[in-house]
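Visitor: I have a structure to go through with you. Can we start with the charged pairs and then move on to how the helices pack?
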Amino acid sequence: MRRKLIAGNWKMYKSLGDVGAYVKEVHKKMHDVAGAELLVFCQAALLPELKKEWFSLTGGAPAGLGFGPQNIHWEEKGAFTGELSPALARELGCTYALAGHSERRQFFGETNESAAMRALAAHKFGMRAVFCVGEPLEVRDAGKTFDLIRAQCAPLFKMAAAAPEGFCFAYEPVWAIGTGRTATSAQAQEVHAFLRSEIEKAWGPQAAAAVRILYGGSVKPDNAHELMSQKDVDGVLVGGASLEATSFLAIAAASK
Ligand code: PGA
């Protein structure tokens with residue numbers, strides 16, 4: 001049984017002053033989220049605030065809400081201006097790191113190789129990766145979605161002979177991100193099942209059964225349940241609708 005993972009992606013939104021009220025709301029309602037695991041990916045500069053505010057509510061216990069950066073480098077340290085060290089992310093209390101988000105691929109030159117290196121660095125430094133894949137519309141229209149996803153995963157499977165403990169994927173069709181246009185639950189399930197079969201080929205049946213695959217792209221409280229009731233959809237990665245704690249929590253509550 002794979003526990004549902006509800007991950008918010010705040011992208012380049014929110015300032016220090018927004019964090020306190022958000023986590024208070026999450027803390028108040030977190031018993032109402034159907035046993036789902038909650039996680040927020042935010043700008044690196046917000047991480048210490050998120051940790052401070054959350055720990056002040058839980059008495060220093062990390063349980064209940066995980067947090068992590070939207071990007072990490074693969075080296076512990078070095079001359080890599082503008083990057084975030086995975087060791088520093090861990091030091092900040094992060095338990096997850098996002099890798100290979102389509103906006104990193106589209107605007108910042110992220111490749112299948114560099115995304116894989118970032119994802120594996122998360123595990124090397126004691127965190128878990130959420131590794132994103134997904135096709136642009138022209139690839140879907142050309143009937144090449146599976147080919148692209150296979151290519152997006154190839155370097156990862158080449159670099160890691162076995163599944164790192166707790167590794168997660170997120171399937172995010174690019175045409176569904178921030179567009180209001182969600183994949184149908186059948187479209188999502190079809191790609192998730194394909195991805196799980198690729199995981200099985202690379203990492204074996206046990207890993208395929210354990211690895212969680214999230215869906216992302218215009219997830220909202222009113223479509224979350226339908227998506228997450230698909231056999232291979234183990235949670236969601238939520239951008240816009242995660243910015244308000246109430247809709248983030250409503251999505252989590254819809255996971256049952
Ligand atoms: P969206 O973003 O929910 O706003 O479509 C999803 C994502 O980019 O992770």
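Visitor: How many salt bridges does the structure hold?

Guide: The structure holds 16 salt bridges. Keep in mind that this is a predicted model.

Visitor: Which residue does Lys 28 pair with?

Guide: Lys 28 forms a salt bridge with Glu 25, and their closest N and O atoms are 3.8 Å apart.

Visitor: Why can those two meet?

Guide: Both sit in helix 1 (residues 16-29), three residues apart, so about one helical turn separates Lys 28 from Glu 25. An α-helix has 3.6 residues a turn, so residues three or four places apart point the same way. Side chains of opposite charge can then pair when their charged atoms come close.

Visitor: Is Lys 28 buried or exposed? And what about Glu 25?

Guide: Lys 28 counts as exposed because its relative accessibility is 60%, over the 50% cut-off. Glu 25 is buried, because its 17% relative accessible area is under 20%.

Visitor: Where in the chain are Arg 212 and Glu 37?

Guide: Arg 212 and Glu 37 form a salt bridge, with 2.9 Å between the closest N and O atoms. The pair links distant parts of the chain: Arg 212 is in strand 7 (residues 212-216) and Glu 37 is in strand 2 (residues 37-42), 175 residues apart.

Visitor: Are they buried or exposed?

Guide: Arg 212 is buried, and Glu 37 is buried too.

Visitor: What about Arg 150, which residue does its side chain meet?

Guide: The side chain of Arg 150 meets that of Asp 147 in a salt bridge, at 3.4 Å from N to O. Both belong to helix 7 (residues 145-159) and are three residues apart, so about one helical turn lies between them. Arg 150 is partly exposed at 37% relative accessibility, and Asp 147 is partly exposed at 40%.

Visitor: Which residues are linked in a network of salt bridges?

Guide: Arg 2, Arg 196, Lys 231, Asp 232 and Asp 234 are linked in one.

Visitor: Now the packing. Which residues of helix 1 are buried?

Guide: Val 19, Gly 20, Tyr 22, Val 23, Glu 25 and Val 26. So Glu 25, the partner of Lys 28, is on the list of buried residues by its 17% relative accessible area.

Visitor: What do they pack against?

Guide: The buried residues of helix 1 pack against strand 2, helix 2 (47-58), strand 3 (65-69) and helix 11.

Visitor: At what angle do helix 1 and helix 11 cross?

Guide: Their axes cross at roughly 30° and come within 9 Å. An angle under 35 degrees counts as roughly parallel, so helix 1 and helix 11 are roughly parallel to each other. The crossing of helix 1 and helix 11 is right-handed.

Visitor: Which residues make the contact?

Guide: Helix 1 brings Tyr 22, Glu 25, Val 26 and Lys 29, and helix 11 brings Ala 245, Thr 246, Phe 248 and Leu 249. By class, that contact has five nonpolar residues, one polar and two charged.

Visitor: And helix 10 with helix 11, at what angle do they pack?

Guide: Helix 10 (residues 221-228) and helix 11 (residues 245-253) pack at about 25°, with axes 8 Å apart. Helix 10 and helix 11 are therefore roughly parallel to each other, and their crossing is right-handed. Pro 221, Ala 224 and Met 228 of helix 10 make the contact with Ser 247, Ala 250 and Ile 251 of helix 11.

Visitor: How many of those are charged?

Guide: None: the contact of helix 10 with helix 11 has five nonpolar residues, one polar and no charged.

Key: Residues numbered from 1 in each chain as written. Predicted model: local features only at pLDDT ≥ 70, side-chain atom pairs only at ≥ 80, totals over all residues. Heavy atoms only, no water. Salt bridge = Lys/Arg side-chain N within 4 Å of Asp/Glu carboxyl O. Helix = DSSP H or I, 4+ residues; strand = E, 2+ residues; numbered from the N terminus. Buried < 20%, exposed > 50% of the residue type's maximum accessible area, 1.4 Å probe, protein only. Axes fitted to C-alpha atoms, helices over the stretch in contact; angles between N-to-C directions. Parallel < 35°, antiparallel > 145°, perpendicular 65-115°, else oblique. Left-handed = near helix turned anticlockwise from the far one by under 90°. Contact = heavy atoms within 4.5 Å. Nonpolar A, V, L, I, M, F, W, Y, C, P; charged D, E, K, R; others polar.
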